[in-house]
Amino acid sequence: MHLARFPRIHLAHLPTPLERLDRLSEALNGPEIWIKRDDCTGLSTGGNKTRKLEFLMAEAQACEADLIITQGATQSNHARQTAAFSAKLGMECHLLLEDRTGYKEENYNHNGNVLLDLLHGATYEKRGSGLDMNAEMEAVAEEFREQGRKVYTIPGGGSNSTGALGYANCALELVAQANDRDLVIDHIVHATGSTGTQAGLVTGLKALNAQIPVYGISVRAAKEAQEENVFKLAEATADRIGCEGIVSQADVVANSDYVGEGYGLPTEAGIDAIQMFAKLEGILLDPVYSSKGAAGMIDLIRKDHFKKGERIVFLHTGGSASLFGYPSALGVPKTA
Ligand SMILES: *Cc1c(COP(=O)(O)O)cnc(C)c1O
């Protein structure tokens, strides 16, 4: 694996910090918990999509695109980071935002990531739920192309084999950090959605033969579907980096027990995790992804799946901007 062979625009603040969570580890009385701060990638409040966009936007630039189109849920962190990256490169950005939750609240529809999308100069159009959003996006892209625009489309979450290179790179970065401080990592845990993060991580770790298992906590799909989708993208990513066949089905583990009622719908355990991280560590999780990832990790520690004596790295994938889209779900008492 030699990632310098791929076009890349260096915009993320890297390496992101790797920190020990002393108070959370103590409160749970289980494994030693570390956190990889990909919420601190530096682009418009940060998050995991920035690493993917470093490779995707370099491809867009190589195609001389003048318009970037992507899609996601209303409170998409990917859409917000794409809007910001486009602004930095002087490209226009158009978003298709899917109403996956049906929430009518003003904050959900106009605050948080949506506010930031607009601040970065992006335009957007809405879609109802349940459509093939990548197909919707390609249809919109075709219309712009007919008007003579040079369009580069990015799939939901930036999850294709180009975007996943960003997480193969994160694997390299994390293992180097751990080596520097003699930290043996027993597990990596993170929220998994559109699959690029897990697929890239798993592929990068296999390419390094690091022998660190990755545990994905699904925020949407059922376990089998998620594992299948991650595996397919990991295979494609392995091909891209010249490591055909290094990832096996057994390397891809997802758990869908923490989705709750569905994508974008906060869970009680997730809200508890937000409160724990905020109050014990001063760290902001988000209601859609990292809180469900953390809720899974916390529950699996309590059930002794992750054990005392082990060291876990929780990959914080970001998303705190969407807290402002969900004020009423957060269980924070209102003051006068
Ligand atoms: C997109 C996202 C994820 C999931 O990453 P995928 O690569 O889509 O699986 C996790 N956390 C946050 C905050 C995200 O925005």
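Which residues line the second largest pocket? Let's start there, and then move to the ligand. Keep in mind, everyone, that this is a predicted model.

So, the answer. The lining of the second largest pocket consists of I271, I274, Q275, A278, K279, L284, L323, F324, P327, L330 and V332. Sorted by class, that lining has 9 nonpolar residues, 1 polar and 1 charged. The space inside the second largest pocket comes to about 250 Å³.

Now for the largest pocket. Here we have about 680 Å³ of space. Which elements give two or more residues to its lining? They are α2, β3, which runs over 67-73, α3 at 77-89, α6 at 133-146, β7, α8, and α9 at 223-240. The largest share is from α9, with 4 residues.

In total, 38 residues line the largest pocket. If you want to find its centre on the screen, look for G156, G157, G193, S194 and T195, which lie nearest to that point. By class, the lining of the largest pocket is made of 10 nonpolar, 21 polar and 7 charged residues.

Let's zoom in on some atoms. In T197, an N or O atom of the side chain is 2.6 Å from an oxygen atom of the ligand. G193 takes part through its backbone instead, where an N or O atom lies 2.7 Å from a ligand oxygen. For N48 we are back to a side chain, with an N or O atom 3.0 Å from an oxygen of the ligand. How much of the ligand does the protein bury? Taken alone, the ligand exposes 380 Å², and the protein buries 98% of that.

Most residues other than glycine have a negative phi, and most peptide bonds are trans. Against that background, have a look at P15, in the segment before β1, the strand at 18-20. The peptide bond from L14 to P15 is cis, with omega near -5°. The other detail is D182, in the loop between α7, at 165-180, and β7. Its phi is near 55°, a positive value in a residue that is not glycine.

Note on methods:
Residues numbered from 1 in each chain as written. Predicted model: local features only at pLDDT ≥ 70, side-chain atom pairs only at ≥ 80, totals over all residues. Heavy atoms only, no water. Polar contact = N/O pair within 3.5 Å; in protein donor to acceptor, adjacent residues only side chain to side chain. Areas by Shrake-Rupley, 256 points an atom, 1.4 Å probe, with all protein chains shown as cover. 1 Å grid on protein atoms, 1.4 Å probe; cavity = no way out; pocket = protein on both sides within 12 Å on 5 of 7 lines; lining within 4 Å. Points joined across faces, edges and corners; volume = space filled by probe spheres on them. Nonpolar A, V, L, I, M, F, W, Y, C, P; charged D, E, K, R; others polar.
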